[in-house]
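Hi,

Here is the structure we talked about. My notes follow below it.

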Amino acid sequence: MPEWPEMDTYRRLLSPLVCGHAIEAVEVNREKTINEPVGEFQAALTGRKVLFVERRGKHLLFHLDDGNRLLLHLMLGGWLYYGPRPEKEDSTYQVVLTFDDGNRLFFGGLRLGYLHRLSAKSALEKLKDLGPDPFDSRLTPEAFAKRLGARRGKLKPTLVDQKLVSGIGNCYSDEICFDAEVLPTASIPDLTEETKLRLYRSMRKVLEEATTNGGYMDRKFTEDDTYVGGHDDRVRVYDREGEPCPRCGSPIRLEIVSSRKMFFCPACQKDR
DNA sequence: AGGAGTACCCGGACGC
DNA sequence: TGCGTCCGGGTACTCC
C-alpha cells in the first residue's frame with residue numbers, strides 16, 4: 001500500500017530522528033519478518049549505528065555503520081511508529097528497535113512485508129531490477145516518453161511495474177492517469193507523444209503534491225503527529241467510487257483489472 | 001512481451 | 001459481545 005509519497009515521508013521524518021543513533025535493543029515478534037535466526041539478527045544489530053536512511057522505490061534502506069543494510073518493504077498494510085512508547089500498549093509489532101536515546105522504532109502490520117539484514121552487495125542485488133526514481137534528473141520528459149513508448153500493454157499495469165519507474169502503486173497510478181486525463185486501460189501504443197509527456201508531468205505533480213501533504217497513511221507516525229496521512233482526503237479518484245469527478249462531476253467508476261482495483265472518470269479520461 | 005493466474009499473510013471488516 | 005469467514009494488496013513466480 002505505501003507508495004513513493006508515503007515511503008519518502010517516512011524517510012524524511014525518520015532521518016533526523018535515527019541517524020547517528022545506535023541500536024540498543026532489538027525485539028522480534030514475528031520471525032518471518034526477518035531473514036535470519038532471531039538471535040543472530042539481534043546480536044548483529046545491537047550496538048550498530050544508523051548512518052543514514054535511503055529510499056529506493058517503495059523500500060527503505062537503513063545504512064548501518066558496519067557496512068550492512070536493513071532493507072524494509074512495508075508491502076500491504078505495513079506502517080512505522082516512532083517514540084519512547086508504543087502507540088497503544090496492547091498493539092503488536094513485528095519488530096521494535098530501541099535506540100540509545102530511549103526512542104523506539106516500531107514496525108507494524110508487516111504481513112507480507114519484511115525487514116532484512118543484508119550486506120551492501122546483496123541489498124544492491126535485491127534492488128537491481130528497480131526502474132529509475134520518478135524524480136531522477138536523468139529521467140527527462142523525453143526519456144520517460146521513450147521508456148513508456150517501448151511498452152505495449154495497458155497503461156495502468158505498466159505504471160505500477162517497478163521496472164518502468166520505481167515507487168508507483170495502485171493508488172497513485174490511478175491518480176496520475178486521472179490528472180493526465182487518460183484512461184488507465186488505454187493501450188500504450190495508442191498514446192500520443194503529447195499524452196506521454198502529460199503523463200510525465202502528472203506523475204511528478206501527483207507524487208510531489210502527495211508527498212508535501214504527508215502521503216495517505218492512515219496511522220500516526222509519532223504521538224503528536226498531525227502531518228502524516230494529510231493527503232488521504234485529497235486523493236481525487238482512488239476509493240471514490242460513485243463520488244462526483246472533481247473535474248467534470250460524473251460519477252467515478254470502479255473496475256477490476258487483473259484483480260486490482262481501478263478508479264477513473266469515464267467522462268473526462270480518454271483512451272489516448 | 002504481456003497478461004493471466006496464484007501463493008504468500010493476517011488484521012480488520014463483515015455477517016450472523 | 002463473540003465467533004467465524006473472507007478479503008485485500010505488492011511481489012514473485014508460473015504458464016501460455
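Met1, Leu76 and Leu112 form a nonpolar patch on the surface of this predicted model. Together they have about 320 Å² of accessible area (Shrake-Rupley method, 1.4 Å probe, only the protein chains shown counting as cover for residues). Patch residues have over 30% relative accessible area and no salt bridge; nonpolar side chains (Val, Leu, Ile, Met, Phe, Trp, Tyr) are joined within 5 Å, like charges within 9 Å. A salt bridge is a Lys or Arg side-chain nitrogen within 4 Å of an Asp or Glu carboxyl oxygen.

Leu112 sits in the loop between strand E7 (104–108) and strand E8 (114–119). Strands (E, at least two residues) and helices (H or I, at least four) are DSSP runs, numbered from the N terminus. Leu112 counts as exposed because its relative accessibility is 54% (exposed is over 50%, buried under 20%, partly exposed in between).

E7 also belongs to an open sheet of four strands, in the order E1-E6-E7-E5, with antiparallel pairing. Strands E1 (23–28) and E5 (79–83) are at the edges with a single partner each, so one side of each lacks a neighbour in the sheet. E5 and E7 pair over five bridges; pairing needs at least two DSSP bridges. Trp79 has Gly108 in E7 as its bridge partner.

Numbering runs from 1 along each chain as written, with chains lettered from A and ligands numbered from 1 in written order. Local features need pLDDT of at least 70 and side-chain atom pairs 80 or more, totals for chains, interfaces and linings use all residues, and side-chain values use heavy atoms, without hydrogens or water.

Best wishes

Note on methods
Buried means under 20% relative accessible area, exposed over 50%, partly exposed in between (1.4 Å probe, protein chains only).
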